[in-house]
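Subject: Structure handover

Hi,

Here is the structure for you to look over. My notes on it follow below.

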Amino acid sequence: MGELHLEILVDRLLREFKVKANVGQPQVSYRETIISAGKGKGSFEREVAGKPNYAACEIEVQPNEHGGGIVFSSAVQEAPKELIRAVEQGAREACEVGILAGYQLMDIKINLKSMDVREDESTEMAFKVAAANALREALKSAKSQLLEPMFKVEITTPEEYMGNIIGDLNSRRGNVSNMAPRGGVQVVEALLPLNTMFGYATDLRSMSQGRATFSMEFWEYAPTPPKVAQEILKKIGR
């Protein structure tokens, strides 16, 4: 839905239905990655349903190439395969919550370096927990980086408004990639962080007297500038 549709619905909630709603900007779904390697050890030793459960392992994390996803490998050969699979599952589940700001991790390599297995005590559940603990320790010793969603934006506008629109894009940390005429109007293509695009429909109407339009689609996750990342982390209390 467009911003105007949402504003009308919010107004109806507050005025007609008397709903005491907290209204604010949508939350941006950031991501996290690492830009240096790290190692960590994790263990689990506890009685569960009267039976001892034990596991210990060491994990190394390394940066993966952009768009490479999360890749798991194991340097351990002699351990039971089901326990290695449990380590992988525990590590991948732990990647759902990064240590920098709690956002999902992406583009990292996870390598299982060693496992301590005790006969009749080591279980899949224990190794899942140990692996999650080891991954968190490895992330603490690595350097994390916040990633922000970038959107490809296409703006169609009469030429007389181009200067104001380009200046506004620059103020939103936009990177203009192309400008070209199309059927009597100008088309501007740019990459912008989603965080700066809230309220853009209203601002664009104001800058162009309602004559410019735009569309946007997700493009990629890109590193957040350090100053902006600090502000984001400060807002969420990190």
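Start with the contacts (heavy atoms within 4.5 Å). Among those in the protein chain between residues at least 6 apart in sequence, 78% join residues at least 24 apart.

Some ground rules. This is a predicted model, where local features need pLDDT of at least 70, side-chain atom pairs count only at pLDDT 80 or more, and totals for chains, interfaces and linings use all residues. Residues are numbered from 1 along each chain as its sequence is written, and side-chain values use heavy atoms, with hydrogens and water left out.

Overall fold

The protein chain has 6 helices and 9 strands. These are DSSP runs, numbered from the N terminus: helices are H or I with at least four residues, strands are E with at least two. The radius of gyration of the protein chain is 24 Å, well over the 18 Å that the globule rule gives for 238 residues, so the chain is more spread out than a compact globule. That radius is taken over C-alpha atoms, and the rule is 2.2 Å times the number of residues to the power 0.38. Along its principal axes, the C-alpha trace spans about 75 × 45 × 30 Å.

Buried residues account for 39% of the 238 residues. Buried means under 20% relative accessible area, exposed means over 50%, and partly exposed is in between (1.4 Å probe, protein chains only).

Helix H5

H5 covers residues 200-208, and Tyr200, Ala201, Leu204, Met207 and Ser208 are buried in it. Seen down the axis of H5, these buried residues fall within an arc of 130 degrees, so they line one face of the helix. The arc is that of the directions from the helix axis to the C-beta atoms. As background, an α-helix has 3.6 residues a turn, so residues three or four places apart point the same way. What covers the buried residues of H5? The cover includes H1, strand E6 (144-157), helix H4 (162-171) and strand E9 (213-223). Just after H5, Gln209 takes a positive phi of about 55 degrees.

Salt bridges

The count is 13 salt bridges. The rule is a side-chain nitrogen of Lys or Arg within 4 Å of a carboxyl oxygen of Asp or Glu.

- Arg118 pairs with Glu45, with the closest N and O atoms 3.2 Å apart. The pair links distant parts of the chain, 73 residues apart: Arg118 is in the loop between strand E5 (108-116) and helix H3 (124-141), and Glu45 is in strand E2 (residues 38-48). Arg118 is partly exposed at 33%. Glu45 is exposed at 56%.
- Arg173 meets Glu148 at 2.9 Å, N to O. Arg173 sits in the loop between H4 and strand E7 (175-182), Glu148 in strand E6, 25 residues apart. Arg173 is partly exposed at 27% relative accessibility. Glu148 is buried at 2%.
- Glu154 pairs with Arg182, with the closest N and O atoms 3.7 Å apart. This pair joins strand E6, which holds Glu154, to strand E7, which holds Arg182, across 28 residues. Glu154 is partly exposed at 26%. Arg182 is partly exposed at 47%.

Salt bridges that share partners also join Glu45, Arg118 and Glu121 into one network.

Cysteines

How many disulfides does a search of the whole structure find? The search finds 0, with a disulfide taken as a pair of cysteine sulfur atoms within 2.5 Å. The sulfur of Cys57 is 13 Å from the closest cysteine sulfur, in Cys95, too far for a bond. Cys95 is likewise in no disulfide. Cys57 is buried at 5% relative accessibility. Cys95 is buried at 1%.

Two single residues

Lys18 is in the loop between helix H1 (3-15) and strand E1 (31-34). Lys18 is exposed, with a relative accessible area of 63%. A polar atom of the Lys18 side chain lies 3.1 Å from the backbone oxygen of Arg15.

Gln186 lies in strand E8 (residues 185-193). Is Gln186 buried or exposed? At 13% relative accessibility, Gln186 counts as buried. Leaving aside neighbours within four places in sequence, Gln186 is in contact with Ile155, Thr156, Thr157, Glu159, Met162, Ala180 and Pro181.

Best wishes

Terms used: A polar contact is a pair of N or O atoms within 3.5 Å; within protein, one must be able to donate a hydrogen and the other to accept it, and residues adjacent in sequence count only if both atoms are side-chain atoms.
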